Amino acid sequence: MSVAELEARAVELEAPSGLWRDAWRRLRGNPGAIVGFVLVGLFVLVALLAPVLAPYDPREQLGLSNAFDGPSTSHLLGLDGLARDELSRILYGARFSLLVGIVSVAVGLSIGLLLGAVAGYLGGFVDSLIMRAMDVMLSIPGFLMAIGIVALLGPGLFEIMVAVGVTQIPIFARLLRGSVLAQRENDFVLAARSVGVPRRTILAAHILPNAISPVIVQGTLALATAIIDVAGLGFLGLGPQDPSTPEWGTMLADVNRYFQTGPHLAIAPGVAIVLSVLGFNLIGDGLREALDPKLRGR
Amino acid sequence: MLRFVVRRLLLLVPILIGLSILVFLWIRALPGGPAQALLGERSTPEAVAQIEHQYGLDKPIPVQYWRFVKKSAQFDFGDSTTTRRPVIEELGQRFPATVELAAAAMLFSVLLGIPLGFIAAKRYGTAIDHASLVASLLGVSVPIFFLAILLKYFFAVELGLLPTVGRLSVLIDVEHPTNFYVLDAILSANIEALWDTLKHLVLPAIALGSIPLAIIARITRAAVLDIQNEDYVRTARAKGLAPGIVDRRHVLRNAMLPVTTIIGLQVGLLLSGAVLTEKVFAWPGMGSWLVDAIQDRNFPVLQGGILFLALVFVLVNLLVDLSYAVLNPRIRLS
């Protein structure tokens, strides 16, 4: 075999594997990400199957004289201050946390992406206008802004989801704008433009798919932040106004008042929040490593 | 350098204008006004009108805005509608409390985070390294108020080692010329007050410092790992420099660049984001002040407080950018 043939074979062996397949392969090899997927999978399962899994109705009071009972065989996590089964409340709480995470990130992501893509692609005056507005939003610390928005909308589950979502808009807008700017100068964009592809199609078909990977990483991490922030707002009493709603942050807020009577009631919702947040953080970290172009092919 | 500073300061102007409009409109859009909040169920149209006149709320919106801007520029934010004291005076008590807490939290996270990250990088791939990674991930995944509740319960309620709430025991009588209680105790040479203030600071500072601690440890580890493989580090080792000196002069000094940036960004967040910690430990800082103000529709406090915090936040971020340039001569500011 000639040298040229040998080199040709070597090149063949390194067949193009594609960003996503490559990323998936490395994600599977990352033990942290696997743990993350397991945690998030469990979390989603519990949320979906809560009515099947929960032994009691999360809102039903099982005799006030039993309030604050510790864990027992009939109530694995004990009863809360109003004699409701703590385990059932935790299981149902997963539904709210999952919903909250998804809705608020969807709000932040969709608006943020739209603004970022438009600013990055159009440039000029539109870009300056949008990005200065984002600067103003970023100059107010996120959690404080969320509190402010809830004050405006009134307390409630839907309201805190919107509030947390809005605080994430500038983060996504900045991220995508930077990414689009970097992609805009690429040769394949120039090529598409020179054969007369419309601007909208270039943005949608050529730029966005290539600029999206940092957004996916940020989106996963944002789910974690959203769950923590919503729990925090619930803790401040800005969450669902119906006190029987089993929202984890609100459950912790009650505990702060009667910790000495029922300390076990603080552990359960707290641990539930930590595990779900940890799951999303692990996946986000794994994705970041898997999608990092500097690490590709290793 | 000077041109960069001037340019960045000029960029602050549109941000501040946008911010003042946003805060002003936000407050006007809040349901219910200070008059209703003050009067509660006893409110009559006449009483509401009188209070609105007293605070200038019956003037046209543009006139109100102009008055607000003119006065804010002179740091005159009006009087609180609940305590009737000037907002700037309350700010003078609340802000030092928050700064003190943020400083203690930062001290805790920097003093622990940098060595932890450094050791993890030095023992790369070992159990210590893995443990530090897991710990730092847990650190950012634990809600701050959950950690605060746990700390309060175990160390204050169960073990009784530390106080549960506040900044100082009511039994201790000491002057507060600066409202930085640690500083006040030192100035008045009151050992008992100093000890008591420090004890009050421990738990809130640990709770608030947990997230920056995790982030600082992580960034330090990553930076040290990066720099250890640089050519100049290998050269330094090859010429026989003692490992300790290489670590200190070449590795750590350069690894501090990204760490400084992160520390600065975290300081900005700590100054504003202590709402939850302040709530659990009944710390009389900015966070609890503003949350109460929202509940009471206390317009002057909200306007002044939020504007002031945002200004501090933006200035801290500017300082971070500048310090980055000073620390890293390779960055040309233009």
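Visitor: In this predicted model, how many of the ten residues of helix α13 (residues 286-295) of chain B are buried?

Guide: Helix α13 of chain B, which spans residues 286-295 in this predicted model, is described as mostly covered. Its buried residues include B:Trp289, B:Leu290 and B:Ile294, and B:Met286, B:Gly287, B:Ser288, B:Val291 and B:Ala293 are also on that list.

Visitor: Is B:Thr81 buried or exposed, and is B:Arg84 buried or exposed?

Guide: B:Thr81 lies in the loop between α4 (61-73) and α5 (87-122) of chain B, and B:Arg84 is found in the loop between α4 and α5 as well. Buried requires a relative accessible area under 20% and exposed requires one over 50%. B:Thr81 has 1% relative accessibility, whereas B:Arg84, a residue with a positive phi of about 65 degrees although it is not a glycine, has 53%. Therefore B:Thr81 counts as buried, and B:Arg84 counts as exposed.

Visitor: What separates the C-alpha atoms of B:Thr81 and B:Lys70, and how far apart do the C-alpha centres of domain 1 and domain 2 of chain B lie?

Guide: B:Thr81 and B:Lys70 are eleven residues apart along the chain, and their C-alpha atoms are separated by 20 Å. Chain B is divided into domain 1, covering 31-74, and domain 2, covering 91-327. The C-alpha centres of these two domains lie apart by 39 Å.

Visitor: How is the crossing of helix α3 (residues 31-53) and helix α4 (residues 86-122) of chain A to be classed by angle?

Guide: The axes of the two helices come within 7 Å and cross at roughly 135 degrees. The residues that meet include A:Phe43, A:Leu48 and A:Pro51 from α3(A), and A:Leu91, A:Tyr92 and A:Arg95 from α4(A), and by class the contact has twelve nonpolar, one polar and one charged residues. The crossing of α3(A) past α4(A) is left-handed, and its angle makes α3(A), relative to α4(A), oblique.

Visitor: What is the handedness of the crossing of α12(A) and α6(B)?

Guide: Helix α12 (residues 264-291) of chain A and helix α6 (residues 127-141) of chain B have axes that come within 9 Å and cross at roughly 120 degrees, which means that α12(A) is oblique to α6(B). Among the residues that meet are A:Val274, A:Leu278 and A:Asp285 in α12(A), with B:Leu137 and B:Ser141 in α6(B), and the contact divides into seven nonpolar, two polar and one charged residues. The crossing of these two helices is right-handed.

Visitor: What share of the 298 residues in chain A is buried?

Guide: The secondary structure of chain A comes to twelve helices and zero strands. Among its contacts between residues at least 6 apart in sequence, 73% join residues at least 24 apart. Of the 298 residues in chain A, the buried share is 52%.

Technical notes
Residues numbered from 1 in each chain as written. Chains lettered and ligands numbered in written order. Predicted model: local features only at pLDDT ≥ 70, side-chain atom pairs only at ≥ 80, totals over all residues. Heavy atoms only, no water. Domains from an automatic or database assignment. Helix = DSSP H or I, 4+ residues; strand = E, 2+ residues; numbered from the N terminus. Buried < 20%, exposed > 50% of the residue type's maximum accessible area, 1.4 Å probe, protein only. Axes fitted to C-alpha atoms, helices over the stretch in contact; angles between N-to-C directions. Parallel < 35°, antiparallel > 145°, perpendicular 65-115°, else oblique. Left-handed = near helix turned anticlockwise from the far one by under 90°. Contact = heavy atoms within 4.5 Å. Nonpolar A, V, L, I, M, F, W, Y, C, P; charged D, E, K, R; others polar.
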